[in-house]
Amino acid sequence: LGEFFTWKTEIGTLTEDDKIKYIQDRLKKNKIKVAKKCNLVDKLANQELSTIDNELLYLAVKCRVNNVNKITNSFLKQVDRTQYVSKEKSTHNALKELDALDVKKQIHSIFNYIKTCNARGVSLPSLHMTFNGPSGVGKTSLARIVGKLFAEEQLLSNENKFTEVHARDLVGQYVGWTAKKVKEIVTKAEGGVLFIDEAYSLCSDRKSFEQEAIDTLIAEMENKRDRICVILAGYPDEMKQLLEMNKGLASRINFHINFESLTPEHLYNIVRNMCKNDGYKLAKNIKPLLLDYFNIEKSKDTFSNGRLARNIADHIKIQQANRVMLDPDADINLITKSDVENVLKQIQQQEPKSKNKIGFAS
């Protein structure tokens, strides 16, 4: 098959250094500097690229509105971006974050059991978990909260360590590479949570590199069971298939968290909370618009749950910023019905139109 392809391109995973350079270039392009004592660039580089883009756009708008050309810790506090200011300390905030999620009862039960074992002085159970659910329901967010809980309770270490990889990151290109990659990733994550997204992609023929990744991962999960929590995440049916094909993997996982698809009301609350957390006020006539939109989107195959709501919230903020910049007398904190209507109209215009079929109607 390879003889038919003249050009071959390999696309690798972005490293942290790649992201740092990308952030620095974007800031320079917007003529924004960062104070030496500010950890914005390093901490932002730990995020996904889509999150980095959204944060940089948000900060660029805030800098322009406030006539600021240098980001400092005090400025980040002012615009409610304290997550980039200093190292997060153990203050039991993770429980407050957990209470905002629908799966809180499942996680509370697990942690009550773990804490009871710890208090009784008996061996802790295996901490490994699976997160099963559709895309965009908050699996990654919950995994981060679990990492914070482990740190706050000092069950693995007193440091909040969270390592996120895709299942394909565990698989090497050549014979002998896969086992080494898996061991290196697990070692890096020791003392915290190793979150493996789309873990079901490791389902493959037993002679493949994917099977070598699973075999090595199983051994590492067992040997370091008291030093790490491995969370495998993915779609329910595919995750079930993965565990059925790998009994050794299934036997090392005690806890299974199931996520349901989000309702339009949940999605609206995500938009509202994202705007509220950034200091915005929402006009009262916005809710019906968004509920109608989410009801329509929920029936589509491309529906992405919370990811859709977060994207909508970001677009609304950008639309509001554009309107405010053209009107000096506008309330800089108010999101109006027209802001939302314009965003939904733009999205509708960008959606691919169905092609007209040639023929006769039946």
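Reader: Which residue stands opposite Asp197 in β5?
Author: His166 stands opposite Asp197. A word on the basis: this is a predicted model, in which local features need pLDDT of at least 70 and side-chain atom pairs count only at pLDDT 80 or more, while totals for chains, interfaces and linings use all residues. Residues are numbered from 1 along each chain as its sequence is written, and side-chain values use heavy atoms, with hydrogens and water left out.

Reader: What makes β4 and β5 a pair?
Author: Strands pair if DSSP finds at least two bridges between them. Strand β4 (residues 162-166) is joined to β5 by 5 bridges, and the two run parallel. The chain gets from β4 to β5 through helix α8 (residues 177-189), and this β-α-β crossover is right-handed; that is, with the strands pointing away from the viewer, the path from the first strand over the helix to the second runs clockwise. As for the names, helices (H or I, at least four residues) and strands (E, at least two) are DSSP runs, numbered from the N terminus.

Reader: How do you know whether strand β5 is enclosed or open?
Author: Buried means under 20% relative accessible area, exposed over 50%, and partly exposed in between (1.4 Å probe, protein chains only). In strand β5 (residues 193-197), 4 of the 5 residues are buried, so the rest of the structure largely encloses this strand.

Reader: Why is α3 called roughly parallel to α14?
Author: Helix α3 (residues 49-65) and helix α14 (residues 306-326) pack at about 20°, their axes 11 Å apart. Angles under 35 degrees count as roughly parallel, over 145 as roughly antiparallel, 65 to 115 as roughly perpendicular and the rest as oblique, so α3 is roughly parallel to α14. The residues that meet include Leu57 and Val61 in α3, and Ile318 and Ala321 in α14.

Reader: What makes Leu344 buried, and which residues does it touch?
Author: Leu344 lies in helix α15 (residues 337-350), and its relative accessibility of 14% is why it counts as buried. Contact means heavy atoms within 4.5 Å. Leaving aside neighbours within four places in sequence, Leu344 is in contact with Leu289, Tyr293 and Ile312. Leu344 and Tyr293 are 51 residues apart in sequence and 8.0 Å apart in space, C-alpha to C-alpha.

Definitions and conventions
Axes fitted to C-alpha atoms, helices over the stretch in contact; angles between N-to-C directions.
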